[in-house]
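The stops below go from one selection to the next.

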Amino acid sequence: MIEKKCREILDRYHREKGNIISILQDMQESFGYIREDAVNWFSEQLNIPASNFYGVATFYAQFYLKPRGKNIITGCCGTACHVKGSAPIINSLREHLAIPEGGDTSRDGKVTIESVACVGACSIAPVFIVNKKVFGKMTLDRVPEMIKEIS
Amino acid sequence: MNNNGLEGLVIKVCVGTGGLAAGSQEVIDEFNKTLAARKVRAAVRKKCVSKTGCRGFCAKDVLVDVVRNGKSFTYQLVSPDKVSRIVDEHIISGNPVEEWLVGPDYHTFHSKQTKILLQQCGQIDPEDIRSYIDIGGYKAAKKALSLDPFEVIEEVRASGLRGRGGAGFLTGLKWEFCKMSGGTPKYIICNADEGDPGAFMDRSIIEGNPHSVIEGMIIGAHAIGAEKGYIYIRAEYPLAVDRLRTALSQARAKKFLGKKIFNSRMNFDIEIKLGAGAFVCGESTALMRSIEGKRGTPRPTPPRSVNKGLWGRPTALNNVETLANIPIIMNRGAGWFASIGTKKNTGTKLFALTGKVKNTGLIEVPMGISLKEIIYDIGGGMEDKNRRFKAVQTGGPSGGCIPASYLNMPVDYESLVNIGSMMGSGGMVVMDDTTCMVEMARFFLTFTENESCGKCVPCRVGTKRMLEVLTRITEGRGKEGDIDLLTELGTDIRLSSLCGLGQSAPNPVLSTINFFREEYEAHIKDGICPARACKSLRRYAVDAELCRMCGKCFRVCPSGAVVWEKKQKAVIDKEKCIKCGACYDACPFGSIL
């Protein structure tokens, strides 16, 4: 089953050089994270050492080597959001969703909270994104609104 | 129904990220539904609800323009429940709903601006190439292709356009170097990896007018002799990526991209490359390695990218805003462009005005305008009237904080660098007296330390050491001599780092030490945070005069440090207090000190 999806990805890129990042991006889109078996499959097909894939995957913030939650909450920690107080909201979310200390995903795998440097919507800071839906001018009182989005 | 006044009815709804977050899609749906129900749609017989890009005043989104009978009115803060009244009273009966129209602050917000790039953004439907062609789009590319490449380069050079990505290198000169450089094929790259926290100019241009960037790239490709272009864009901007994909396929269908474009002999196409979340990839050599599918680490220069860039070939790398200016220069002439702004800083610049200012949003101003005009006239002053302006931060994590005494300074590349900040790509974050400057410097250092690629030692280790010192100062563990240590470290990192990230990483620290040294000293010597922002330095106590004995502080305290009983004033046990600040936030009477 993995192979079928991998082959689809390979067919898209195959002919051109320099597509490790694009392949990893598609891999993550298909599987939710960077799977070891998938990396090994591509490594063999393309005759590129797996270490090259991991070198790239660990360099960029976008790639995850572990499965993530079913729902993703992104909290923006850019300058404007920071000045307007995004940190207390993230803490409150973590508390509400019982995210274990030191981790970013709830124990049942239902939700992952991540923070990013800037989503570029600073004029409506602080900004949160719940499964692609943008919440602007967020306040502590409105935290339940975001939690409601999570199925 | 009477069709009078409905000829040419247009309803424009802003669909930038700001607008969509405020619910503009719901507003559009509601307009379509209501217009159909009131049979207006049948009367005007065409699609009259259109989408536009960001008008900049995102604080008042959803913004809706209603053009009826040739007159345009703008509504602010529109929500779906307001739609039916606008349709009934304004569109059908011709009486605009006065109380929902934009107020005077909307007009002051715009009056000091010079809208050239943003004017188009608010006018056209970004998802429809015809809408761009209708206002003269792709004429400039057609014209450029009929000229000799050197004529195009000369025009851009004469306009004085400088790179909007931060450093301000003359665009015409860069193209000339690339044109003159031996080796084929050549590449042109659009840098849309807008990684500065606090900046969103490039996102707004691409979301609002993606074709202007594509047209700029076609002209650039002709000038330098490239057949392939890349747009390197952040994956964090999904809407901008979608709009670009749509725009590229529409341009291909019109034969503006592909083989023999515009019926000339030129072949040119553009590919999108998604960034994978690394700030250092905004640096030119790192960006090119990332397009090559490698770890995005920079390399020493020279050789410069114009000689050995992508795949070792001559490459011109231009920022989104720079490229969007190119068609305008070709259409209206270098002389016209050079007449805007100042002698060495021509044209306009977009800024993302955010933070503790009343009117936040995207603004476009002539180069050389003063900070005061931006913050007080366009921005409307402080968000909270009782707060004092303290500093404005420009240039993101590579820039510095500018204090009130420099408010009359003109905003141009040189002036900003002279006082230890920089233009950067154009983020402008306003801070009031509740922002602690040491904490701000620590915030930026956390960012650069985290984003340092690790290739060179000064940046990798130096930023880490600086962050440790800053953290201990904000936690009240600062030592005598820490300020000197930070200055020394900062200067060394600036001089010895490999790329722009490391060279500019100490700027936020050095500029805050320069202008707000007393705040650092207060933290270290007196154990006080003057802005009351650093939690570990707060000493919580109850002002017995103000306490109304409500017990709210007692209930929120997580560590049992508040001693309170009914009809008794609260007291805080300093031994048990963990300085979380919950009591301070909970007290309705301001009695917690």
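A helix axis here is a line fitted to C-alpha atoms over the stretch in contact, and angles between axes run from 0 to 180 degrees between N-to-C directions. Keep in mind throughout that this is a predicted model.

**Stop 1: two helices in chain B**

Select residues 139-146 of chain B, which form helix α8, and then residues 210-224 of chain B, which form helix α12. The axes of these two helices come within 9 Å and cross at roughly 5°. Angles under 35 degrees count as roughly parallel, and α8(B) and α12(B) are therefore roughly parallel to each other.

Now show the side chains between them. From α8(B) come B:Ala140, B:Ala141, B:Ala144 and B:Leu145, and they meet B:Glu215, B:Ile218, B:Ile219 and B:His222 of α12(B). By type, the residues of this contact divide into six nonpolar, one polar and one charged.

**Stop 2: the whole of chain B**

Zoom out and select chain B. Its secondary structure comes to 25 helices and 15 strands. The radius of gyration of chain B is 27 Å, close to the 25 Å that the globule rule gives for 593 residues, so chain B is as compact as a globular protein of that length. Along the principal axes, its C-alpha trace spans about 85 × 70 × 40 Å.

Colour chain B by burial: buried residues make up 53% of its 593 residues. Of the contacts in chain B with a separation of 6 or more, 73% are between residues 24 or more positions apart.

**Stop 3: one residue of chain B**

Select B:Asn450, which lies in helix α19 (residues 437-451) of chain B. Is B:Asn450 buried, exposed or partly exposed? B:Asn450 counts as partly exposed because it has 13 C-beta neighbours inside 10 Å.

**Stop 4: where the chains meet**

Show both chains. Here 30 residues of chain A are in contact with 43 residues of chain B. On the chain A side, α2 (20-31), α4 (50-59), α5 (79-83) and β4 (133-135) each supply at least two residues. Which element of chain A gives the most to this side? It is α5(A), with four residues. The chain A residues that touch chain B divide into 19 nonpolar, 11 polar and no charged.

**Stop 5: the whole of chain A**

Chain A has seven helices and four strands, and from the N terminus on its elements run α-α-α-α-β-α-α-β-β-β-α. Its C-alpha atoms fill a box of roughly 55 × 30 × 25 Å along the principal axes.

Colour residues 2-59 as domain 1 and residues 71-149 as domain 2. The C-alpha centres of the two domains lie 30 Å apart. Buried residues make up 40% of the 151 residues in chain A. Residues 24 or more positions apart account for 60% of the chain A contacts with a separation of 6 or more.

**Stop 6: a loop residue of chain A**

Finish at A:Asp104, in the loop between α6 (86-96) and β2 (111-116) of chain A. With 18 C-beta neighbours inside 10 Å, A:Asp104 counts as partly exposed. Leaving aside residues up to four places away in sequence, A:Asp104 touches A:Ile99, A:Thr112, A:Ile113 and A:Glu114.

Methods. Residues numbered from 1 in each chain as written. Chains lettered and ligands numbered in written order. Predicted model: local features only at pLDDT ≥ 70, side-chain atom pairs only at ≥ 80, totals over all residues. Domains from an automatic or database assignment. Rg over C-alpha atoms; globule rule 2.2 N^0.38 Å. Buried ≥ 20, exposed ≤ 12 C-beta atoms within 10 Å, placed from the backbone. Contact = placed C-beta atoms within 7 Å. Nonpolar A, V, L, I, M, F, W, Y, C, P; charged D, E, K, R; others polar. Parallel < 35°, antiparallel > 145°, perpendicular 65-115°, else oblique.
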